[in-house]
Every structure is written in structure tokens, then in C-alpha cells.
Amino acid sequence: MSRSKVYFVSANVPIDYIPRVPPTKWYTHSLVYQTKELAGKILEDVISPGDTVAIKVHFGELYTQCYIRPIYVRKVADKIKEIGGKPFVCDTLFSGGKVLYDEHGEASWSRRSLEEGLKTAAMNGFTSETMGCPVIFADAPKGLKSVEFDVKGKFIKKIYIAPAIAEADVLLSLAHFKCHDVMSVGGALKNVGVGCQSKQGKWWIHHNAKLEIDREKCDGCGKCVPICPTKAIVLSNNKARILTEKCIDCAFCVDYCPQKAFTSRSFPDILEQQARVGEAAAGVIKYFQGKCVFINLAIDIVPLCDCDPFVGIPVVPDLGAFASKDPVAVDRACIDMVNDSPGIPSSMAEMSGVMERGSEKFNAIARLRWKATPGAMHVAPDWKIMLNAAEEAGAGTQRYELIEVNFGY
Ligand code: SF4
Ligand code: SF4
């Protein structure tokens, strides 16, 4: 396979731009402006006039600090309009049903319900007014419907694309690139493989069997019965039972059981989960038949994911924006540049002993995170599994040509 092109604009601006650039054009050296122009470059031959473009982002949660700043998304949406597309900005609902609240009654783990998720999106700056286009959850209102698409992965045989994303003509993944506790890295593959799927799709990323009820634990209280949106739970002989043919794997019921009788709580092998994400991302890409592009914003490169309220300080300095038509190549380019960067003192890079340029950072930081988690000492994610699986499933290649560009004055 030949090398994929990855375009890169640096977050760094040499100080000598001050005498060279008239103040009226200083904005052209903003990474926001550069990302907008980068989006135009990568999208110009993908968007046909009138195409609907799904901009898939992560809205963050109420207390998260380092999701993509809304101004980047707004400017990319403006660019899409400029080149003839009709953008909408979207995220998808999280698996499960129970929203968690802070001490003031604000939803702090909100994306399990549309109403709370939209409130969080607005709190974090994503509204139709700020974006200049619709802002939606692509599997609203409940995350129960999907567009199914068959794939031929080693683990994944079917993906469940969120309906509004599946209806779009073009998919633009606009991902915040950072470390990730489960996948080791969070970038294009994660944003597409997990983020573009409905609750059912998310289930099959994280599990390899349908939900079950432990009859020993179930005391027959019946609280789960009215919770199920498809009436898939019945009581018989004072025990709950799932009607498998009616269950759509939404996990809505799991957190409502006082006895914790639903057996979906344990993570299956984490390396298999990573392969599943890679295969699922390849499925989404195949579905779009070349009408998808990927931008990773490698800034605020924190050790944990965009759902986590505690992310600590960045582990390496800001790098910039990367864009490609190949999600494997764009993630690999970001990984390589992070690993080539020096670690930031006092960050989890220092705590993991990976401060030097050239040291592998993501897996070391993910291991540190899991070592701190009671009962999870053994968990050791490895980003190579996800990238290799995506590559084997035809999503792209880890061989890339990095082309630095600058759209400044
Ligand atoms: S909520 Fe839990 S304990 Fe109660 S019936 Fe359902 S599965 Fe059984
Ligand atoms: S039984 Fe199945 S369909 Fe019903 S709430 Fe649970 S996971 Fe969803």
C-alpha cells in the first residue's frame, strides 16, 4: 500500500512573524484560522454542492476541561458552507440510561439522555447559535435506532451507525487527539469507531455477548421491567428474564438494578476491545465509500479522555492540526509526533517515566492510570492493536507522508 498524505499545521508560530505580518492579518496565524483552511483543503474535492456534512465531535461532559473549543468547530462549519456543503454538528448518546448529577442537580454524566446531553453541549458552547448550523445528537431521541451495516472483521460482524450520521453525504471526524484510558489514544479511529455508533453499536464494541441477568442476584423486585424501552424484560417465578429477541443492547436497564444483577459490568479483554474499535471504524469508513475525512486537533494533549472530569495537565506541548482522508494515517502521525516530543514536567508523562523525546508515551500513561484503579492492575492497553486492526480491516495504512502546510499571510 502506498503512503497516505497527512497534512499538518503547527500550533507553533515563530516570533519573527510579528515584523513580517501586518497586524490586520495576524489572525491568519491563529490555529483556529489554520484549522478552518486545513478543513477546506481536505474537503474541497470530497464535498459536492448541496452535500450534507456531519461534523462528528465530542461535546464533553459538564466538568471536562479539554474537549475541542467550539470556535474551531464553528470555523470549520463556516468553511463547509463556503465550499457548498450543508453542515451539522453532532455527537452520539452514551451507552446506558442513568444520568448522574452534581451537588447542584446539574447533570455531570449527561450523554445518556437527549435533554441532559443537549444541556451539557450548550454549557460547553455547542448550540445552533454558536455553530451557525444545527447541533444534534445523531441517534436522538433515545439512541435506540441505528442503520445496520455488515462488516467482516475478526470480532465485529455488524456496526450500528447513528441514523443522522448514516444519512449524511459526507462524514467529517473532528477529533480532539489525546491519550485515552481504554484505547490508549483517542483520535480519529475512536471518534468514528465508537463515536459514530448508536448505543447498540457501543455495546458491541465493549462486549462480545448479549446482556444477561444473574438469577442468583435477582430478587424479583421488578424495577427493571418498566425501564426497558422495548419491553424486553419480564418477570417469571419472581426472577427477571430478558427476551433476547426484543433486547436491542442499549444497556438502559443496567444501572437501575439495586442488586447489580445485570452481568454487563465487567470489561472483556481490553486488547480485544481495541481491535473492535479499529474494525468498527473501518466499517463506518466503508459505509461512506470515500466521502469521509479526518481532522485531529492535537492540542491540550491530556492523559485521559474527553468524558473524564479530571484530566490533569497536558503530557506534551501542543502540536497543531492534522488532516487526512486516511484515519489510520492521521492517528499514526499524531502518535509519532507525540512520542517524538518532550514530556511536560509534573504531568503523567513524568509520573510514567516517559519524559524523553522518542519514548513511547500513550501505553505507559494508560498503564499508570490502570495501576491506580483498584482491581485493574493487569489492564494494559496498546494503541498498536487498534491501528493494526483498522489497517487489516481496510481503513487505511500506518505508512504516511507528513506534509506541513501554512495558510498564514
Ligand atoms: S431490577 Fe434487578 S433485582 Fe430487580 S427484578 Fe430487575 S434484575 Fe431483578
Ligand atoms: S433489556 Fe435490552 S433493550 Fe431492555 S433496557 Fe436492557 S439492554 Fe435495553
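Student: How many residues of domain 1 are in contact with domain 2?
Tutor: In this predicted model, 14 residues of domain 1 are in contact with 14 residues of domain 2.

Student: Which helix gives the largest share of the side of domain 1 that touches domain 2?
Tutor: That is helix H8, residues 199–206, which supplies five residues of that side. By class, the side of domain 1 that touches domain 2 has seven polar, four nonpolar and three charged residues.

Student: Switching to the ligands, which residues are around ligand 1?
Tutor: Among them are Cys-218, Cys-221, Cys-224 and Cys-257, together with others including Ile-213, Asp-219, Lys-223 and Gln-259. The shell around ligand 1 divides into seven nonpolar, three polar and two charged residues.

Student: What about ligand 2, how many residues surround that one?
Tutor: Ligand 2 is surrounded by 13 residues, of which the closest are Cys-228, Cys-247, Cys-250, Phe-252 and Cys-253. By class, the shell around ligand 2 has 11 nonpolar residues, one polar and one charged.

Student: Okay, on to the inside: which residues touch the most other members of the largest nonpolar core?
Tutor: Those are Ile-55 and Val-89, in a core of 128 residues. Helix H9, residues 270–288, gives the largest share of this core, with nine residues, and the core draws at least three residues from each of domain 1 and domain 2.

Student: What does Val-89 touch, leaving out residues up to four places away in sequence?
Tutor: With those left out, Val-89 touches Ile-55, Val-57, Val-73, Ala-77, Phe-126, Met-131, Cys-133 and Val-135.

Student: Now Phe-294, is that buried or exposed, and why?
Tutor: Phe-294 counts as buried because 30 other C-beta atoms lie within 10 Å, and the cut-off for being buried is 20 or more. Phe-294 lies in strand E14, residues 292–298, and, not counting residues up to four places away in sequence, touches Ser-173, Ala-188, Ala-323, Ser-324, Pro-327 and Val-330.

Student: Last one, which residues are buried in helix H12?
Tutor: In helix H12, which spans residues 362–371, the buried residues are Phe-362, Ala-364, Ile-365, Ala-366 and Arg-369. What covers the buried residues of H12 includes strands E10 (178–180) and E11 (184–186), along with helices H10 (327–339), H11 (348–351) and H13 (383–392).

Note on methods. Residues numbered from 1 in each chain as written. Chains lettered and ligands numbered in written order. Predicted model: local features only at pLDDT ≥ 70, side-chain atom pairs only at ≥ 80, totals over all residues. Near = placed C-beta within 6 Å. Nonpolar A, V, L, I, M, F, W, Y, C, P; charged D, E, K, R; others polar. Buried ≥ 20, exposed ≤ 12 C-beta atoms within 10 Å, placed from the backbone. Helix = DSSP H or I, 4+ residues; strand = E, 2+ residues; numbered from the N terminus. Contact = placed C-beta atoms within 7 Å. Core = buried A, V, L, I, M, F, W, Y, C linked by C-beta atoms within 7 Å. Domains from an automatic or database assignment.
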